[in-house]
Amino acid sequence: ALFPQYGGFIDALRLYVRGGSGGMGYPRLGGEGGRGGDVWLVAQERATLKGIKQRHPHKRFVAGSGANSSVRALKGEKGQDCEVHVPLGVSVLCEDGKQIGELNTAGERCLVARGGLGGSLATNFLPCKGQKRIVHLDLKLIADVGLVGFPNAGKSSLLSKVSHAKPQIADYAFTTIKPELGKIMYADYKQVVADLPGLIEGAHANRGMGHKFLKHIERTKQLLLVVDVSGFQLSNKTHFRTAFETILLLTKELELYKEELLRKPALLAINKMDLPGSKDNLSELMKQLQNPQDFLHLLSEEVIPESTMKFKDIIPVSTYTGEGIEELKTCIRKSLDEVAEKENEDYQKKKLLLLQTSGEKLMNRG
């Protein structure tokens, strides 16, 4: 169970951290007090931000003080460190928003508050206080696939069809208020985690839950765009968008938030193929996607993205009849396996290069 249940899910937390004070020096014998303990954040697979909050409602973490110098022990012992277990995928920021560090793999550590020095000749034998500050923990979920689409494109229904997730599905425009995760199970027991943020037009400008959701997409290995074949209209006050325009708008949102998002491998699911007229809409859309440049004049300038998205596969689906669902699962898996293979190849190349360069160094020495 890598991911917590999503009830009351927390993806940001602020903590007060303080290093321990140093111990007193011993002027008569030149004894040094022990250094105060440090506060460390340690990444742990089962940890959750919610768990930290429940166990430490005051969210205060203070390390132990260093021992005073004495006749028996002229060099005082160092104070006890304080370790806070945090989930993987946490960015650590100071109060002013600067990043202190990131914790992505189990066991990774980040020092957030240093202990104070013990009293010694240099400090007139008086100890120093530990560093104290507020740190912000920001959790970006790490999922294999990020489902991207506007409200009512059927993302929640699609997620529940391909995985074991049971998102709450409502029939109004802004459905998913918090990220939902589903696990897609394959015959060989491989599990793929799919993440479902909700996007609306203007998300890059932080409308709706804009940035909160876009930040979740950043960590996914690949994107799955979900669009309604018959187009999208948020409310009667907003423009009606065709499926083609919707894809360009989504591309624009991703681009305005962070251009790198467009470099991720992407698949396109064209949903609601059970609706009347969907076959005609689909052939129209495929024509437009083959030569997007020819159709850009239909859109107003401000919604045209700088670059169009390349999709590895385009799969028509219906969550209502189940059409295309198995094919979609196969495409997701194939695409992820390709990404993994490429990562592995790159890693092997790097290793080979290191071996070659160290071998050459040895030869040159010899």
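Does Ser-307 count as buried, partly exposed or exposed? At 33% relative accessibility, Ser-307 counts as partly exposed, since that class lies between the limits of 20% and 50%. The model toured here is a predicted one.

**First selection: Ser-307 and its surroundings**

Select Ser-307, which is placed in the loop between α5 and β14. Leaving aside residues up to four places away in sequence, Ser-307 touches Thr-251, Glu-255 and Leu-262. Display the C-alpha atoms of Ser-307 and Thr-251: they are separated by 8.3 Å, although the two residues stand 56 residues apart along the chain.

Next, show the side chains of Phe-244 and Phe-295. The structure holds 1 aromatic pair. The ring centres of Phe-244 and Phe-295 are 6.1 Å apart and the planes meet at 75 degrees, so the pair is edge-to-face; the cut-off for that class is over 60 degrees. Phe-244 belongs to helix α4 (residues 243-257), while Phe-295 lies in the loop between α5 (278-290) and β14 (313-316), so the pair ties together parts that are 51 residues apart in sequence.

Colour the two residues by accessibility. Phe-244 has 2% relative accessibility and counts as buried. Phe-295, at 19%, also counts as buried, because the limit for that class is under 20%.

The axes of α4 and α5 are 9 Å apart, and the helices pack at an angle of about 45 degrees. That angle makes α4 oblique to α5. On the α4 side, the contact is made by Ala-243, Phe-244 and Ile-247; on the α5 side, Leu-285, Gln-288 and Leu-289 take part. The residues of this contact divide into 5 nonpolar, 1 polar and no charged.

Now move to Trp-40 and show its ring together with the side chain of Arg-109. Arg-109 lies over the face of Trp-40, at 4.5 Å from the ring centre.

**Final view: the whole protein**

Of the 366 residues in the protein, buried residues make up 48%. Among contacts between residues at least 6 apart in sequence, 72% join residues at least 24 apart.

Key. Residues are numbered from 1 along each chain as its sequence is written. This is a predicted model: local features need pLDDT of at least 70, side-chain atom pairs count only at pLDDT 80 or more; totals for chains, interfaces and linings use all residues. Side-chain values use heavy atoms; hydrogens and water are left out. Rings of Phe, Tyr and Trp (its six-membered ring) pair if their centres lie within 6.5 Å; planes under 30 degrees apart count as stacked, over 60 as edge-to-face and the rest as tilted. Helices (H or I, at least four residues) and strands (E, at least two) are DSSP runs, numbered from the N terminus. Buried means under 20% relative accessible area, exposed over 50%, partly exposed in between (1.4 Å probe, protein chains only). A charge sits over a ring if NZ of Lys or CZ of Arg is within 6 Å of the ring centre and within 35 degrees of the ring normal. Axes are lines fitted to C-alpha atoms, for helices over the stretch in contact, and angles run from 0 to 180 degrees between N-to-C directions. Angles under 35 degrees count as roughly parallel, over 145 as roughly antiparallel, 65 to 115 as roughly perpendicular and the rest as oblique. Contact means heavy atoms within 4.5 Å. Ala, Val, Leu, Ile, Met, Phe, Trp, Tyr, Cys and Pro count as nonpolar, Asp, Glu, Lys and Arg as charged, and the others, Gly among them, as polar.
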